[in-house]
Amino acid sequence: MTPVQLLSERAQATRPFYVMELLARAAAREPLKGPSVSMVVGEPDFPPPPPVVRAAQAALAQGGIHYTHTLGMPELREAIANDYLRRDGLQISIDRVAVTAGASGGLLLVMAALLNPGDEVIMPDPSYPCNREFVSVMGGVVKTIPVDAASGFQPTVDAVRQAWGPRTRALLVASPANPTGTMIATDQAQSLAQTVRELGGVMIIDEIYQRLAFEGNPKSLLSLGDDVISINSFSKTFSMTGWRLGWVVAPTRMIAAIERLSQNLFISTSSLSQRAALAAFEPESLAVAEAYRQKFREQGRYLLTELQRLGFQLPAAPDGAFYGYCDVSALTRDSFQFCIDLCDQAGVLMTPGRDFGDYQAEKFLRVSYTKPLELLQEGVHRLKVFLEKTQ
Ligand SMILES: Cc1ncc(COP(=O)(O)O)c(C=O)c1O
């Protein structure tokens with residue numbers, strides 16, 4: 001008798017991140033050679049702002065940690081909407097806001113609300129690897145547009161028009177993006193939104209790093225129109241990755257669909273995290289978040305300058321987040337092998353380009369600079385020694 005196949009084709013087809021192999025190698029190496037310097041981490045190294053922690057402690061002491069409304073506590077949805085008014089001058093009705101389990105939960109729910117099997121979503125290559133899975137787990141089909149430094153690693157209107165087909169429903173972009181940290185200029189975003197509108201689709205913008213832009217305070221691209229869907233999160237802005245809380249702003253019809261889906265799939269997001277997150281919009285928390293943003297910028301400036309001295313190229317400097325997408329083709333023909341050797345021989349961890357797509361992936365790797373300056377300095381020193389030995 002053939003054994004029962006317990007795993008779906010989808011589950012079997014979902015690939016792990018290549019960086020997991022590096023992490024396993026680093027874990028095996030550390031007992032003998034000491035701690036690694038990680039430049040792979042996609043999360044802040046800071047604690048959440050103190051008011052958030054105090055609010056969580058108070059909520060725990062008070063009790064009543066029950067399910068909340070499936071779209072989130074009304075007070076939190078209102079605080080999110082008010083923050084758009086304060087920060088972006090945008091009037092967002094709370095009927096357009098859904099609190100989700102991180103941006104991840106938001107992306108998943110948006111795809112569930114939007115896609116029939118076979119429907120396509122266009123996204124750039126390289127981009128955040130999980131985006132592929134949010135689409136395909138819903139039976140959707142990913143269509144990638146290869147992008148490079150010439151367009152700031154963001155899709156052009158022409159490329160979107162060319163890729164668009166009868167089954168295409170959406171364009172998904174991020175600004176600033178992961179892995180490049182590059183933003184879409186407002187006029188470019190406007191043209192993209194208009195194009196997608198004309199083609200009868202929706203534009204989904206992942207703005208999880210919007211508040212970590214290095215210069216000025218760029219406004220949310222929700223200003224492009226009420227039909228735009230924006231994904232956001234407490235994870236990166238407020239150093240709250242483990243609290244699993246984010247939000248979606250979408251047209252009310254989609255929020256109603258998200259509500260039905262979310263009721264069934266999740267009931268609600270964490271009540272404790274929501275009560276804590278209410279404090280994230282207090283002035284003290286906003287000041288802490290601002291200080292974190294400055295730190296990422298300083299750390300990035302240091303690391304990316306040093307890496308370029310050592311032969312890494314940065315064809316498009318990041319506008320925000322805490323990443324740099326570096327071209328290492330002057331040092332290697334295979335960025336994945338380079339990452340493995342760097343891990344094994346020097347204990348420095350960087351993410352290979354192939355984790356973000358296929359286009360020119362062997363030329364690129366991503367560095368993240370969430371770790372403190374002293375650690376980044378140690379990493380640069382080790383890299384220098386490694387390159388002296390191997391080049
Ligand atoms: C572009 C992008 N979107 C979404 C996410 C998921 O974030 P969250 O922790 O809010 O689920 C990440 C996490 O790294 C990301 O880089």
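Predicted model: local features only at pLDDT ≥ 70, side-chain atom pairs only at ≥ 80, totals over all residues.

Modeller: Residues are numbered from 1 along each chain as its sequence is written.

Colleague: What makes H11 roughly parallel to H13?

Modeller: The axes of helix H11 (residues 283–309) and helix H13 (residues 373–390) come within 10 Å and cross at roughly 5 degrees. Axes are lines fitted to C-alpha atoms, for helices over the stretch in contact, and angles run from 0 to 180 degrees between N-to-C directions. Angles under 35 degrees count as roughly parallel, over 145 as roughly antiparallel, 65 to 115 as roughly perpendicular and the rest as oblique. H11 is therefore roughly parallel to H13.

Colleague: Which residues of H11 and H13 meet?

Modeller: Gln299, Tyr302, Leu303 and Glu306 of H11 meet Leu373, Leu376 and Val380 of H13; two residues are in contact if their C-beta atoms, placed from the backbone, lie within 7 Å. By class, this contact of H11 with H13 has 5 nonpolar, 1 polar and 1 charged residues. Ala, Val, Leu, Ile, Met, Phe, Trp, Tyr, Cys and Pro count as nonpolar, Asp, Glu, Lys and Arg as charged, and the others, Gly among them, as polar.

Colleague: Why is H5 called roughly perpendicular to H9?

Modeller: H5 and helix H9 (residues 252–265) pack at an angle of about 105 degrees, with their axes 9 Å apart. That angle makes H5 roughly perpendicular to H9. Leu109, Ala112 and Ala113 of H5 make the contact with Met254, Ala257, Ile258, Leu261 and Ser262 of H9. The residues of this contact divide into 7 nonpolar, 1 polar and no charged.

Colleague: How do you know that the span of helix H2 agrees with its number of residues?

Modeller: Helix H2 (residues 19–33) has 15 residues and should span 21 Å at 1.5 Å a residue; its end C-alpha atoms are 20 Å apart, which agrees. The expected span is 1.5 Å times one less than the number of residues. Helices (H or I, at least four residues) and strands (E, at least two) are DSSP runs, numbered from the N terminus.

Colleague: Why does glutamate 30 count as exposed?

Modeller: Glutamate 30, in helix H2, has 12 C-beta neighbours inside 10 Å and so counts as exposed. A residue is buried if 20 or more other C-beta atoms lie within 10 Å of its own, exposed if 12 or fewer, and partly exposed in between, with C-beta atoms placed from the backbone. In H2, Val19, Leu22 and Ala26 are buried.

Colleague: Are isoleucine 267 and alanine 321 buried or exposed?

Modeller: Isoleucine 267, in the loop between H9 and helix H10 (271–277), has 10 C-beta neighbours inside 10 Å and therefore counts as exposed. Alanine 321, in the loop between H11 and strand S9 (323–327), has 29 C-beta neighbours inside 10 Å and therefore counts as buried.

Colleague: What makes the phi values of these residues worth a remark?

Modeller: Most residues other than glycine have a negative phi, and most peptide bonds are trans. Phi of isoleucine 267 is near 65 degrees, a positive value, and alanine 321 has a positive phi of about 65 degrees. A cis peptide bond, with omega about 10 degrees, joins aspartate 125 and proline 126.
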